Amino acid sequence: MPFFAAAARAVAVGFGLVVLSHAAFAKDDTVASAKAAVARYAGPQTVWEGPTSAPKPMAGMSIVYLSGDEQNDISREYGLFMKAAAAKLGWKLTVIDGKGSPSNWVSGFNQAIALKPNGIAIFADAKSLQGPIQTAVARNIVVIGLHAASLPGPNPALHLFVNIQEDPREIGRAEADWAIADSDGKARVVIITHNEYQIAQTKSDATRDRVEACSGCKVLDYSNFPASEAAQRMPQLTTSWLQRFGVPIYITSVGDNDLDFAIPALRSAGVSPNQAKLIGADGNRSAYERIRRGNDYQTVTVSEPIELQAYQAIDEFNRAFNKAPPSGFVQPPYLVTAENVNTEGGKQDVFIPDNDYKSHYLKIWGVAP
């Protein structure tokens, strides 16, 4: 280590100097970077980073939305918001419930094809739907994903014109960074995932990798089970984690829905909310409500801008129908905390970036507000 760097890393103790160990400084660096990342993720989102032009929309187009599971807040809300956005263009949108399992997704997608739409949007894992998706594309039906692949953007390998979502690597890191910062580099973390979704595995792997990079932190468990089984699995799993690992404990999940079923088990065990902290993603209404109430176990969520992404889906369909390339837009993640829970749409229990996205889309479509 150069002399000046070594000198800068010395601490005066009495009349002497003690040079701190490399491991101690590595820990300090990890905690400092985590705190800086948390501040960035939790900051305001007022700048429009999306498209500023678009092709003229065609008339009379029809779209089918395959919802991954209508019992899931964001899956259902994508359909509601896409229908509203499509109506601005005079388009028709039909919703089919995928009921939370790959077999039902295949059945639902085949129903969508039978309706002979111009486009199909899916909130389901595209990898498990490759047969039906290829059939649709062969029939000149445009397929767009919402949380359908590991990363946002065009995905020719999965036959998606584009996949719309925040970057799950950033979401996963944001979850881990909050735990690292809150614990001052001592977080003991359980990670919940649903790897039937590629996005979930990418997200949870990023959380795991970031926690493991923190020398004073520990991944206690990496728990993978089908998202549709959360109600059955989470109570028993939560009790088991408490028995095996004790407290304090951080529990992260790729989706807020899992945490709905962890909280009753924590309450039954008499665990203090200061000793078991839940960290989620998606931005379900229940998550906002817990964060706002405080003292209710869930401390943060990394929220998705559902209405913005629904408008983006309609915009991307418009580009595809006009043989134009995807917009390339990816909205940055937003960390909802007790301090900012009532901003950026939080008073409505949803992430609505203050970047006037709806007006921007209507303007480039040539549609009156």
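In this predicted model, isoleucine 192 has serine 223 of strand E10 as its bridge partner, strands and helices being DSSP runs (E, at least two residues, for strands; H or I, at least four, for helices) numbered from the N terminus. Strand E9 (residues 188–193) and E10 pair in the parallel sense over six bridges, where pairing requires that DSSP find at least two bridges between two strands.

Residues are numbered from 1 along each chain as its sequence is written. Local features need pLDDT of at least 70 and side-chain atom pairs count only at pLDDT 80 or more, whereas totals for chains, interfaces and linings use all residues, and side-chain values use heavy atoms, with hydrogens and water left out.

The loop between H8 and E11 holds proline 248, which is joined to valine 247 by a cis peptide bond with omega of about 5 degrees. Most peptide bonds are trans, and most residues other than glycine have a negative phi. Aspartate 349 has a positive phi, near 60 degrees, and aspartate 356 likewise has a positive phi of about 60 degrees. Aspartate 349 lies in the loop between E14 and helix H13 (357–365), and aspartate 356 also lies in the loop between E14 and H13. Aspartate 349 is classed as buried because its relative accessible area is 13%, while aspartate 356, at 47%, counts as partly exposed; buried means under 20%, exposed over 50% and partly exposed in between, with a 1.4 Å probe and protein chains only.

A pocket is an open set of points on a 1 Å grid over the protein atoms alone, with protein on both sides within 12 Å along at least five of seven lines, whereas a cavity is a set where a 1.4 Å probe fits but cannot get out; lining residues have an atom within 4 Å of a point. Of the 27 residues lining the largest pocket, Asn72, His194, Tyr197, Ala227 and Asn257 are the closest to its centre. At least two lining residues each come from H3, helix H7 (198–212), H8 and helix H9 (256–260).

The largest cavity holds about 60 Å³ of space, a volume being the space filled by probe spheres set on grid points that are joined across faces, edges and corners. Its lining consists of 13 residues, with Gly153, Val162, Asn163, Gln312 and Phe329 nearest the centre, and two or more residues are given by each of strand E7 (153–155), strand E8 (160–164) and helix H12 (306–321).

Asparagine 318 is also placed in helix H12 and counts as buried because its relative accessibility is 0%. Leaving aside neighbours within four places in sequence, asparagine 318 is in contact with Ala54, Pro55, Lys56, Pro57, Met58, Trp91 and Trp365.

Technical notes
Contact means heavy atoms within 4.5 Å.
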